[in-house]
Structure formats: C-alpha cells, structure tokens
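Subject: Structure handover and notes

Hello,

The structure we spoke about is below, for you to take over. My notes follow it.

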Amino acid sequence: MVPNMHKNPPASLGLVAAFSFLALALPPPAQAQTADAAEIQRLRQDIDALRASYETRLQALERRLQAAEAAGQSAASAPAPVAAASADVSPAAPAPLPAAVGGANAFNPAVSLILSGLYARTSRDPDRYAIGGFALPPDAEIGPGRRGFSLAETELGFTASIDPWFQGAAYIALAPDNSVSVEGAYIQTTGLGHGLTLKAGRFYSSVGYLNAQHAHAWDFVDAPLAYQAMLGRQYTDDGVQLKWLAPTDAFIEIGLELGRGLSFPGNGDSRNGAGMVALSAHTGGDIGDSHSWRAGVSVLDAKASGQTLQGLDAAGDETSGEFSGRTRVWIADAVWKWAPNGNAARTSFTLQGEYLRSRRDGDLMDESGGVAGYRPAQSGWYLQGVYQFMPRWRVGLRAERLRGDDSGPFALAGHHPRKNSLMLDYRPSEFSRLRLQFAQDRSSPAGKDNQVFLQYQMSLGAHGAHSY
C-alpha cells in the first residue's frame with residue numbers, strides 16, 4: 001500500500017520540484033536537434049536515478065507502515081530493538097518506529113497459564129506413603145498426593161526477549177495446599193555464538209531426560225519412582241548453566257551447571273562456594289524419515305549439612321537421622337521416537353527409559369545422637385512406551401523398579417520397591433488434555449497400593465514448544 005502523498009509533503013514536493021527543474025533545463029525542440037548527445041544521456045540517467053531513489057523511499061515507508069500495523073496487532077510480542085534515530089529514510093538505515101506505535105502493550109511479556117486438576121483414589125492412606133529402603137527429607141514430593149478431588153499444580157509463566165543479547169522467563173507454581181513457589185526464574189543469553197548458551201537464575205537441571213521438563217509435559221500423572229527416591233521428584237536449583245551445541249550434523253550437546261545445592265539430595269546450606277555441580281552430555285539424530293533418537297549420561301554432585309532424613313527401619317517402623325556429606329547421582333537416559341515419514345499427527349510411538357544410581361558419602365547422626373559413617377548405594381530405573389493409535393488418543397505403559405539401602409538404619413532386606421502404571425489420554429486440541437491412569441504401587445513393605453487418577457490439563461495463552 002502506497003502512503004498518502006498528502007501525509008508526506010517533503011518527498012512529494014521534492015519530486016515535483018526536481019521534474020520541474022529538469023523540464024525547464026531541457027532545450028526547446030529546435031535546439032534539441034543540436035544538443036550534445038552525452039548531455040542528454042546524462043540527464044536521462046539523473047532522471048532514472050531520481051525515480052529509483054523515490055521508489056526506494058516509498059518501499060522503506062511501506063515497510064515501516066507494515067511493521068507499525070503488525071506491532072499494533074501483536075501486543076504479546078515485544079518488537080526487536082532498533083538502531084538510533086536517523087533522519088535518512090533509506091533501505092540501509094530505516095528510521096525507527098515512533099515510541100507510541102503499538103502502545104505500551106507491545107513490550108509486555110508472553111503470558112501462559114497451565115490449569116490442572118486431579119481426582120485420586122488410593123487403597124492406602126497417602127499420608128503414610130513411604131518408599132522402602134530410601135531415606136528422604138520430610139518435605140519431599142513423593143507418593144500419589146491427596147485423595148479425592150484437588151487442584152493439581154497450576155503453572156503461571158512469563159517469557160520475553162529482553163534485548164538482542166538476553167531473554168527471560170519466570171514460572172510460578174500454585175500448589176494444591178495453596179502455597180506459592182518459584183518453579184523457575186532465569187535469564188538466558190541469545191547471542192554468545194559458537195554454539196554456547198548461558199543461563200542464570202533458578203531452573204530445572206538438565207541432568208537426565210525427564211528432569212528438565214515441566215510436569216504438564218510428562219506422559220504420566222506422576223514422576224517415576226527413581227526420580228522421587230533419588231531426586232525428591234525433580235531437581236531444581238539456583239545457579240548458572242553453560243551449554244555447548246556442537247556444529248555437527250548429529251545432535252551433540254554438553255552442559256555444565258554450578259548451583260547452590262538448593263534441593264534434595266542437597267539442602268542449600270549457606271556457603272560461598274557451589275553446593276552442586278552437574279555435568280551432562282547428550283547426542284541424537286534421525287534414522288531415515290520415520291525414526292529419531294536421543295541418549296545421554298549425566299552426573300549430579302550435591303552437598304548437604306545437617307539434612308533431616310526420614311525412612312523405615314528393618315522392622316518397618318519410621319525412623320530419622322541427620323546426614324552431612326555429599327551425594328552423587330548418575331543418570332543414563334535414552335529416547336526413541338517413531339512417526340510415519342516424520343508426521344506424528346495420526347500415529348506415533350515413543351519408547352523412553354532412564355537408569356539412576358545414587359551414592360551417599362558422609363556421616364549420619366541417629367535419633368539418639370550417635371554418629372556413624374553412612375555410605376549407601378541405591379539404584380532404580382523406569383521404562384515406558386506411549387502409543388498414539390489414532391489422532392488425539394494415546395495409551396501408555398510404564399514399569400519401574402528400585403533397589404534401596406543394602407545396610408544402615410534405613411535398610412530393608414529383601415524389599416525392592418516397584419510400580420506399574422497404565423494410562424489413556426485424549427487431547428481435544430493441542431491446548432487441552434484429559435487423562436485416566438491406573439497404577440499398582442508396591443513401594444511400601446506394607447503391601448500394594450492400587451491407585452486411580454483422573455486428570456485434566458488446560459493451556460491458556462502463549463506457551464513455547466517442549467523439547468524433544
């Protein structure tokens with residue numbers, strides 16, 4: 001659309017004046033026959049250059065108008081920063097948009113809200129839930145949660161570009177008990193180059209596969225037993241993260257994290273140095289048009305001081321102690337995905353599994369005040385398959401096994417926690433999900449716990465795509 005000439009009098013009058021000058025400068029027809037041919041050619045070139053310059057300026061004005069209209073219609077997206085103001089309107093240096101264009105809303109962050117609700121029915125009291133052979137802090141998020149109807153974890157997210165070098169995000173979690181917590185709040189670089197990305201703030205660690213994902217992206221209602229027992233459900237921390245993506249055809253990513261050691265197996269004790277160090281390495285790629293995969297190994301090392309741990313003793317009774325030392329958790333993960341010709345709209349299958357091994361090294365003070373060395377080795381794994389058998393419908397099966405303390409006050413000889421889960425979910429659209437899940441949980445030596453879950457998840461607002 002060409003701008004109204006009356007709104008741009010300098011450009012229009014300049015063109016008229018230029019053509020008038022050239023018309024007067026041309027000799028009359030009688031003299032034109034004797035004019036120098038070179039002079040006529042030069043004048044024609046000047047006219048062509050003037051015409052091209054004017055058209056270029058019109059195109060620049062059209063681009064500015066289109067950008068202004070787009071900014072006004074898309075208030076949720078902050079416009080990219082522009083260069084310093086310039087009086088020259090040309091393709092090389094377009095004038096910036098006026099500050100008023102698009103209004104103040106043009107700089108608002110994108111907002112998302114994940115609404116989640118749950119109905120849970122269990123055959124055993126969830127308040128007495130325990131994972132035999134594993135000692136955990138009193139506030140660890142384990143087990144099926146509340147019976148009956150409850151508002152599951154609701155997530156409020158804000159994301160935006162800050163400037164050409166940084167972007168920011170914050171995620172606020174609203175728990176069923178009406179508590180509010182900061183699930184994540186961080187800044188991340190966008191222009192380091194060389195495949196490097198730096199993140200600082202509070203975030204989910206990139207160890208393993210499932211840990212970095214938000215709960216609403218999981219394929220099952222709850223976290224695997226291995227995550228609950230060795231990471232307290234999901235590891236998050238305050239710190240910095242550096243990732244390097246290799247410039248290769250195959251996917252190769254290496255990450256380094258330094259943190260406070262905020263959550264289990266750490267306890268965020270006050271210190272100047274890092275209370276947590278994590279390393280991760282992942283690779284992956286495509287096999288033909290229908291298959292893709294990703295695999296990796298990670299290690300997380302966290303420190304704790306005077307950390308309260310609770311568990312069951314050899315007789316099945318509750319006992320507690322205070323641990324001081326360090327815990328190292330190794331994780332191996334692998335994912336394979338299939339979709340016909342890479343199109344997962346109608347049918348697809350995902351096979352996913354992780355193996356975790358934890359080793360504590362320190363001292364444990366028991367309830368009587370006695371202190372003894374505490375070096376238990378624990379391990380666990382889960383394997384799950386999710387099959388989309390028709391558009392919007394999926395079915396999934398997950399099997400899990402754990403091996404707890406072999407010795408010490410929390411050891412349960414011969415007891416190996418295990419659990420099997422079956423789920424069916426339906427997605428009316430990409431913004432909503434309904435899920436039904438059955439599980440048989442044998443984590444406690446007291447016997448099996450039959451669990452039934454009915455869950456809904458609804459996404460409001462702008463929410464970014466999830467990782468592979």
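A search of the whole structure, which is a predicted model, finds five aromatic pairs. One of them joins phenylalanine 323 and tyrosine 374: the ring centres are 5.9 Å apart and the planes stand at 70°, so the pair is edge-to-face, the cut-off for that class being over 60 degrees. Phenylalanine 323 belongs to strand S11 (residues 318–338) and tyrosine 374 to strand S13 (residues 371–374), so the pair ties together parts that are 51 residues apart in sequence. Both partners are buried: phenylalanine 323 has a relative accessible area of 0%, and tyrosine 374 has 3%.

Another pair is made by tryptophan 393 and tyrosine 426, and this one is tilted, with 4.6 Å from centre to centre and 35° between the planes. Tryptophan 393 is in strand S15 (residues 393–403) and tyrosine 426 in strand S16 (residues 418–429), so here the parts tied together are 33 residues apart in sequence. Tryptophan 393 is partly exposed, at a relative accessible area of 30%. Tyrosine 426 also counts as partly exposed, at 27% relative accessibility.

Is glutamine 228 buried or exposed? At 2% relative accessibility, glutamine 228 counts as buried, because the cut-off for that is under 20%. Glutamine 228 is part of helix H4 (residues 225–231). Which backbone atoms does its side chain reach? One is the backbone nitrogen of glycine 143, at 2.8 Å. Another is the backbone oxygen of alanine 223, which lies 2.8 Å from a polar atom of the glutamine 228 side chain. Leaving aside residues up to four places away in sequence, glutamine 228 touches Ile131, Leu136, Glu141, Ile142, Gly143, Ala223 and Arg233.

On the strands, S18 (residues 449–461) pairs with S1 (residues 110–122) in the antiparallel sense, over eleven bridges. Within this pairing, serine 116 has glutamine 457 of S18 as its bridge partner. S18 also pairs with strand S17 (residues 432–441), again in the antiparallel sense, over ten bridges. There, arginine 435 has glutamine 455 of S18 as its bridge partner.

Last, the overall figures. The protein has four helices and 18 strands. Of its 468 residues, 38% count as buried. Among contacts with a separation of 6 or more, 61% are between residues 24 or more positions apart. The accessible surface comes to about 24,900 Å², and carbon and sulfur atoms account for 58% of that.

Regards

Terms used. Residues numbered from 1 in each chain as written. Predicted model: local features only at pLDDT ≥ 70, side-chain atom pairs only at ≥ 80, totals over all residues. Heavy atoms only, no water. Pairing = 2+ DSSP bridges. Helix = DSSP H or I, 4+ residues; strand = E, 2+ residues; numbered from the N terminus. Buried < 20%, exposed > 50% of the residue type's maximum accessible area, 1.4 Å probe, protein only. Contact = heavy atoms within 4.5 Å. Areas by Shrake-Rupley, 256 points an atom, 1.4 Å probe, with all protein chains shown as cover. Phe/Tyr/Trp six-rings, centres within 6.5 Å; stacked < 30°, edge-to-face > 60°. Polar contact = N/O pair within 3.5 Å; in protein donor to acceptor, adjacent residues only side chain to side chain.
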